[in-house]
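Here are some questions and answers on a predicted model. Please look at the sequence and the structure first.

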Amino acid sequence: MPTCQNCGYIWRWKEAMRLIYRSKATCPNCNTKQFLSAKSRKRSSYTSILVVIPLGITTIYNLSLWVYLGFSFGILVLILLLSPFYYTLSHEEEPLW
Ligand SMILES: [Zn+2]
């Protein structure tokens with residue numbers, strides 16, 4: 001779980017979920033602006049590659065497009081729900097590369 005770099009407060013899952021749609025949020029404990037670290041942002045872009053796995057499965061077993069869409073949607077939701085667990089925070093906005 002993400003830990004505040006200013007006060008050491010460990011964010012709750014619900015608080016960390018805010019980081020999914022924007023890369024910065026204020027700490028609920030000390031109100032300091034915290035940014036999602038470049039490492040976490042890179043990791044979340046890698047995990048989106050996982051959507052390719054159902055595409056491979058549906059092609060191999062000759063399944064319909066709907067199976068693929070259902071599969072990808074399931075994986076996407078799973079990634080979103082689990083992503084707060086591997087998020088780390090940073091004091092400032094880090095360049096991605
Ligand atoms: Zn804090």
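Q: Is Cys7 buried, exposed or partly exposed?
A: The relative accessible area of Cys7 is 34%. Buried means under 20% and exposed means over 50%. The value for Cys7 falls in between, so Cys7 is partly exposed.

Q: Is Cys4 buried or exposed?
A: Cys4 has a relative accessible area of 4%. The limit for a buried residue is under 20%. Cys4 is therefore buried.

Q: Which arrangement do the 4 donor atoms around the zinc ion make?
A: The zinc ion is coordinated at 2.3 Å by the SG atoms of Cys4, Cys7, Cys27 and Cys30. Along the chain these donors follow the spacing C-x2-C-x19-C-x2-C. Four donors count as tetrahedral if all angles lie between 85 and 135 degrees. The angles here are 105 to 116°, so the arrangement is tetrahedral.

Q: How many Å apart are the end C-alpha atoms of residues 67-89?
A: The UniProt annotation "transmembrane region", from an unreviewed entry, covers residues 44-61 and 67-89. Residues 44-61 are 72% helix and 0% strand, with end C-alpha atoms 28 Å apart. Residues 67-89 are 70% helix and 4% strand, and their end C-alpha atoms lie apart by 36 Å.

Q: Which residue in S3 does Leu36 stand opposite?
A: An open sheet of 3 antiparallel strands runs in the order S1-S2-S3. Its edge strands are S1 (24-26) and S3 (89-90), each pairing on one side only. S2 (residues 33-36) pairs with S3 over 2 bridges. In S3, the residue opposite Leu36 is Leu89.

Note on methods: Residues are numbered from 1 along each chain as its sequence is written. This is a predicted model: local features need pLDDT of at least 70, side-chain atom pairs count only at pLDDT 80 or more; totals for chains, interfaces and linings use all residues. Side-chain values use heavy atoms; hydrogens and water are left out. Donors are N, O and S atoms within 2.8 Å of the metal (3.2 Å for Na, K and Ca); water is not among the atoms, so sites may look incomplete. Four donors count as tetrahedral if all angles lie between 85 and 135 degrees; four count as square planar and six as octahedral if opposite donors are over 155 degrees apart and all others between 65 and 115; anything else is irregular. Buried means under 20% relative accessible area, exposed over 50%, partly exposed in between (1.4 Å probe, protein chains only). UniProt positions are given in the numbering used here, feature names are shortened, and annotations may be inferred rather than shown by experiment. Two strands pair if DSSP finds at least two bridges between them.
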